Amino acid sequence: MYDDNVTLTGIKKEIDVARQGEVLYHQNLTSASRKFYIESYGCAMNFSDSEIVASILAEDGFGPTRIMEEADLILVNTCSIREKAEDTVRNRLRVFNALKLKKPDMMIGVLGCMAERLKAKLLEQEKLVDIVVGPDAYRDLPNLLAKVDDGEKGINVLLSREETYSDISPLRLDSNGIVGFISIMRGCDNMCSFCVVPFTRGRERSRDAYSIVAEATDLFQRGFREVTLLGQNVDSYKWTNPDTQEHVNFAQLLERVAQVHPDLRVRFSTSHPKDITNEVLHTMSSHENICKYIHLPVQSGNSRILDLMNRTYDREWYMERVEAIYKIIPDCAISSDIICGFCTETEEEHRETISMIQWAKYSMSYMFFYSERPGTPAAKKLKDDIPEDIKKRRLQEVVDTQMKISQQVNKADIGKTFKVLIEGNSKRSDQEFKGRNSQNKMINFPKQEGLKAGEYTWVKVTDATSGSLRGEIVEK
Ligand code: SAH
Ligand code: SF4
Ligand code: F3S
C-alpha cells in the first residue's frame, strides 16, 4: 500500500512518492470547459481520494488533463507521513509556481494531509498557492474555487466525524480497468506515537456497508476483477444501519463483498495486529476469491519499543497472530511495515526486528527510518536520539534481511501452480503478461493466444527473485 523510500527490493527511491506524476484522465471529460491536473502522493487512500476529487470537479465543469501546462487548475494531493514526503511536495510546488508565473490565471491547490497539518500556514509559506483543502472538505472545492475566481484565497481544513463520501462515485481515471480501490473507512483512532495520520485525517468512521457493496458490484459490472478495501485499520470497521440497527463488522463486510461474484477478487489493507480477529481469518479461508495475503505491519520486533510506539501489542501478541494466520490460512503471505531507529532503540532491540522478519517470513516489507513529526506524541514526549547514520545503517540491515527472506519464500514457490489475474503486459516485454497470484506476488509469463488482461489463468512458477516470480501457463 505504501510505495515509499525503501521497499523489499532494497532500492532506495530518492523521492517519497507513490507513482509520482500519475494523473487522472478520462476521455469523456476532456471536452469540459476548464481543465485540472492532479498529482497524488502518499498512501492508497490518497490516490483513492483523488478519484473522489476528480468526480467532484467533473460535476463543477472541470475535466482532467495529463498535461500540466494546459491546466487551469493544478492540484497536489499531499502526504505528511515523513519529512521527506513533505519535501517532495515543496519541490513540486516550486515547479508549479514557475508555471504560474508564466500563466497567472492558473490556480494551484494543495489537498490532503499536508494541507490539514499546516492549514493557513501553508498559504503564508507558499505565496502562489490559491487553495488549501483538508481530506474531509473536498465537497467544498467548487465553492473554494469560486472564491479564487473572485480574487480571494480559499481554505477549508475542517475535519468531520461523519464524512465518508459514500454517495460520490469516484472517477477511475487512471485505472487499468481491472483492479480498483474502495475506501471503506476514514481517519484513525489509534495513537501510534510516531504517526501524524490521526491529526491529518481525524477520527475513525466507517462507511455505509451497502454503498461499499454497491461500488464493488458496479466495478465488477464494468469489467473490474479485483477490489482492495482501504482503511488505516480495516479490522476496526464497524457500521450500524441507522434504520434497522443491524451491525456490520469487517469480517461480515468482507464476506458481503466476496459474494458480489466469485470472479471478483477481494483484497484489503491495512490490518492492525491488535484488531485482526480469527473471524476475519476464517472468512478469508472459506472464500476462494478473498486473497490470501495480509499486510500486518509490525513496526518493531521489540516489546519495549512497541510500547513506546503505543502500538498496544507486544512481540508475543504479534507472534501469536502470525501463528494463527499460518494455521487458519496455510498458504497466506504476510507483509509488514518497519520503522528503524525509533527513539532510544538499542542494537539488541534492533536485532529483535531482524529476527522477527526471519521468523514471520514476510513476503515483503515497506521499511523506513524514523522521521519525527511535529505535534505527535513521540515528538512531544520522546527524544529523537538515534543519529541518522545509525538509523540508516539499521535500515540497510533490515532491508538486506528482508531481501534474503523474500528470495527464500519466493524460491519456495518454484514448481507450484497459481491462479493469476492478468493485469497487462509485463514491464520488460509485450510478449509477456504480468499478473498477481492470490498472495499478491507478481508473476511474469509468456503470453498465450486467446488470453487477455482481466482474465484468469493458471501459471506454474519456474523461477524467482526477491521481487517477482517467472512462470508459464499450464492447464488446470
Ligand atoms: N495504518 C497503518 C500505517 C499507516 S502509515 C498501520 O497502522 O500500520 C504507513 C507506514 O508509515 C507505517 O506503518 C509506518 O511504518 C510508517 N511511518 C509512519 N509514521 C512514520 C514516521 N514518523 N517515521 C517513519 N515511518 C513512519
Ligand atoms: Fe498511524 Fe497507527 Fe493509525 Fe496506522 S494505526 S494510521 S500507524 S496511528
Ligand atoms: Fe500520508 Fe496521509 Fe496517507 S500522511 S500515508 S497520505 S493518510
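**Loops, ligand shells and cavities**

Reader: Which loop holds threonine 312?
Author: Threonine 312 is in the loop between α10 (303-308) and α11 (315-328). Keep in mind that this is a predicted model.

Reader: What is phi for threonine 312?
Author: Near 65 degrees. That is a positive value in a residue other than glycine.

Reader: Why flag that?
Author: Most residues other than glycine have a negative phi.

Reader: Is threonine 312 buried or exposed?
Author: Exposed. Its relative accessible area is 51%, and the cut-off for exposed is over 50%.

Reader: What about lysine 119, what is its phi?
Author: About 50 degrees, so positive, although lysine 119 is not a glycine. Lysine 119 sits in the loop between α3 (113-118) and α4 (120-125). At 36% relative accessibility, lysine 119 is partly exposed.

Reader: Backbone again. Where is the peptide bond that is cis?
Author: One runs from serine 269 to threonine 270, with omega near 10 degrees. Threonine 270 belongs to the loop between β13 (265-269) and α9 (278-286).

Reader: New topic, the ligands. Which residues are around ligand 3?
Author: Cys43, Asn46, Thr78, Cys79, Ser80, Ile81, Cys113, Val197, Arg201 and Gln232. By class, that shell has 5 nonpolar, 4 polar and 1 charged residues.

Reader: Where does ligand 3 lie relative to the domains?
Author: Between domain 1 (32-156) and domain 2 (177-291), because both give residues to its shell.

Reader: And which residues are around ligand 2?
Author: Cys188, Asn190, Cys192, Phe194, Cys195, Val197, Pro198, Gln232, His272 and Arg311. The shell around ligand 2 divides into 6 nonpolar, 3 polar and 1 charged. Val197 and Gln232 are listed for ligand 2 and also for ligand 3.

Reader: How many domains does the assignment give?
Author: The assignment gives domain 1 (32-156), domain 2 (177-291) and domain 3 (417-473). The C-alpha centres of domain 1 and domain 3 are 37 Å apart.

Reader: How much space is in the second largest cavity?
Author: About 80 Å³. It is lined by 14 residues, and Ser48, Ile52, Pro170, Ser183 and Arg207 are the closest to its centre. By class, the lining has 6 nonpolar, 3 polar and 5 charged residues.

Reader: Which elements supply that cavity lining?
Author: α1 (44-59) and β7 (179-183) each supply at least two residues to the lining of the second largest cavity. Domain 1 (32-156) and domain 2 (177-291) each contribute at least three.

Reader: How much space is in the second largest pocket?
Author: About 500 Å³. Its lining counts 26 residues, with Asp331, Cys332, Ala333, Phe418 and Gln439 nearest the centre. The classes are 12 nonpolar, 5 polar and 9 charged.

Reader: Which domains line that pocket?
Author: Domain 2 (177-291) and domain 3 (417-473) each give at least three residues to the lining of the second largest pocket. Among the strands, β15 (333-340), β17 (417-425) and β20 (456-464) each supply at least two.

Reader: Last one, strand β1. How many of its residues are buried?
Author: 6 of the 7 residues of β1 (residues 34-40) are buried, so the strand is largely enclosed by the rest of the structure.

Reader: How does β1 run against β2, parallel or antiparallel?
Author: Parallel. β1 is joined to β2 (residues 62-64) by 3 bridges. Phenylalanine 36 has proline 64 of β2 as its bridge partner.

Methods. Residues are numbered from 1 along each chain as its sequence is written. Chains are lettered from A and ligands numbered from 1 in the order in which they are written. This is a predicted model: local features need pLDDT of at least 70, side-chain atom pairs count only at pLDDT 80 or more; totals for chains, interfaces and linings use all residues. Side-chain values use heavy atoms; hydrogens and water are left out. A residue is near a molecule or strand if one of its heavy atoms lies within 4 Å of it. Ala, Val, Leu, Ile, Met, Phe, Trp, Tyr, Cys and Pro count as nonpolar, Asp, Glu, Lys and Arg as charged, and the others, Gly among them, as polar. On a 1 Å grid over the protein atoms alone, a cavity is a set of points where a 1.4 Å probe fits but cannot get out, and a pocket is an open set with protein on both sides within 12 Å along at least five of seven lines; lining residues have an atom within 4 Å of a point. Grid points are joined across faces, edges and corners, and a volume is the space filled by probe spheres set on the points. Helices (H or I, at least four residues) and strands (E, at least two) are DSSP runs, numbered from the N terminus. Domain bounds come from an automatic or database domain assignment. Buried means under 20% relative accessible area, exposed over 50%, partly exposed in between (1.4 Å probe, protein chains only). Two strands pair if DSSP finds at least two bridges between them.
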